[in-house]
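The following dialogue shows how several features of a protein model may be read. Please consult the sequence and the structure alongside it.

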Amino acid sequence: MTRRLDAGASLSAQLLAAMAAMAPAGVRIGCRTIREGDENHLLPQEARSIPSRLPLMRRASGAARWIAHELLADMGLNDVAILRGSSGAPVWPHGVTGSLAHDDEIAVAAVAPLSHVASLGIDIEPALPLPDDIFALVAVPADRIDATDPYLAGRILFAAKEAVYKAAYPLDGEVLGYEDITVDLDASDAVTKTGRRARLVYCVAPCVVVLAFVDGVRSAPPLSAMGQRPTATPAQQSAFFSQSGRKRLTRFVL
């Protein structure tokens with residue numbers, strides 16, 4: 001199931017169609033053009049959990065969470081606050097996995113029940129070549145990107161590693177660098193240094209969106225444990241910042 005949640009916006013309509021074509025069964029996915037006032041979509045608990053006071057960051061967070069609220073409502077989960085955990089990752093309700101992302105213009109979200117998918121990660125990037133200096137930081141010799149468009153191969157690789165990290169971290173609690181994730185776009189999968197394997201699907205127009213998902217059924221943690229995520233040290237967190245075209249990214253920014 002997909003949700004555009006953005007009446008009249010042709011860019012998000014195009015993206016939704018591309019995302020709908022790639023989404024695996026059981027995964028709900030949506031997008032929205034970020035607009036002024038989207039910060040008001042944050043529920044009170046969500047707003048308090050997000051430390052950034054920058055209007056643009058809170059606006060993007062509000063847009064992404066609004067999509068996620070609607071996707072969760074489709075699953076029968078209404079008015080659920082998606083807090084920002086201590087690691088920066090969103091904390092999903094009991095029995096659900098999900099992921100949020102945004103670039104400067106569009107927010108995206110994906111959710112699924114743990115009975116269908118063990119974990120999800122999503123990332124969105126502009127459909128522009130990745131700068132050479134960033135590609136040198138992201139790529140490792142074992143990466144395989146020959147089968148994709150050479151114009152966007154670096155950007156897709158970058159987004160794939162971001163998405164894989166988001167999918168792997170809730171399962172392993174392992175802080176990873178780009179060099180710790182090997183991506184094979186030819187085979188549509190990736191593996192981390194811990195041996196965690198994720199499958200990949202992606203679209204490239206009008207934006208690059210990569211969805212990483214770990215197959216298998218994951219038991220939901222006890223309710224008392226929800227929100228208790230491993231915390232990266234400041235040094236570990238700072239290692240994830242890099243200049244990427246139009247935006248400055250970290251693994252968990254929402």
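**Reading the model**

A: Helix α3 (residues 55-74) contains 20 residues and spans 29 Å from its first C-alpha to its last, close to the 28 Å expected at 1.5 Å a residue. The expected span is 1.5 Å times one less than the number of residues; helices (H or I, at least four residues) and strands (E, at least two) are DSSP runs, numbered from the N terminus. This is a predicted model, in which local features need pLDDT of at least 70 and side-chain atom pairs count only at pLDDT 80 or more, while totals for chains, interfaces and linings use all residues. Residues are numbered from 1 along each chain as its sequence is written, and side-chain values use heavy atoms, with hydrogens and water left out.

Q: How is a sheet read, and in which order do the 5 strands of the open sheet lie?

A: Strands of a sheet pair through backbone hydrogen bonds, either parallel or antiparallel. Two strands count as paired if DSSP finds at least two bridges between them. Here the order is β7-β11-β10-β9-β8, with antiparallel pairing. β7 (119-126) and β8 (181-184) stand at the edges with a single partner strand each, so one side of each lacks a neighbour in the sheet. From one strand to the next, the twist averages 25°. Within the sheet, β9 (residues 189-192) and β10 (residues 197-203) pair over 3 bridges, and A190 stands opposite A198 in β10.

Q: Which strands does α5 lie across?

A: Axes are lines fitted to C-alpha atoms, for helices over the stretch in contact (heavy atoms within 4.5 Å); angles run from 0 to 180 degrees between N-to-C directions. α5 lies across β7, β8, β9, β10 and β11, at about 155° to β7. Helix α1 (residues 10-22) lies across β7, β10 and β11 (207-214), at about 145° to β10.

Q: Where does I145 lie, and is I145 buried or exposed?

A: Buried means under 20% relative accessible area, exposed over 50%, and partly exposed in between (1.4 Å probe, protein chains only). I145 lies in the loop between α4 (132-138) and α5 (153-172) and counts as buried at 17% relative accessibility. Leaving aside neighbours within four places in sequence, I145 contacts F135, A153, L157, L185 and D186.

Q: How many disulfides are there?

A: A disulfide is a covalent bond between the sulfur atoms of two cysteines. With a cut-off of 2.5 Å between the sulfur atoms, the count is 0. For C31, the nearest cysteine sulfur, that of C207, is 8.6 Å away.
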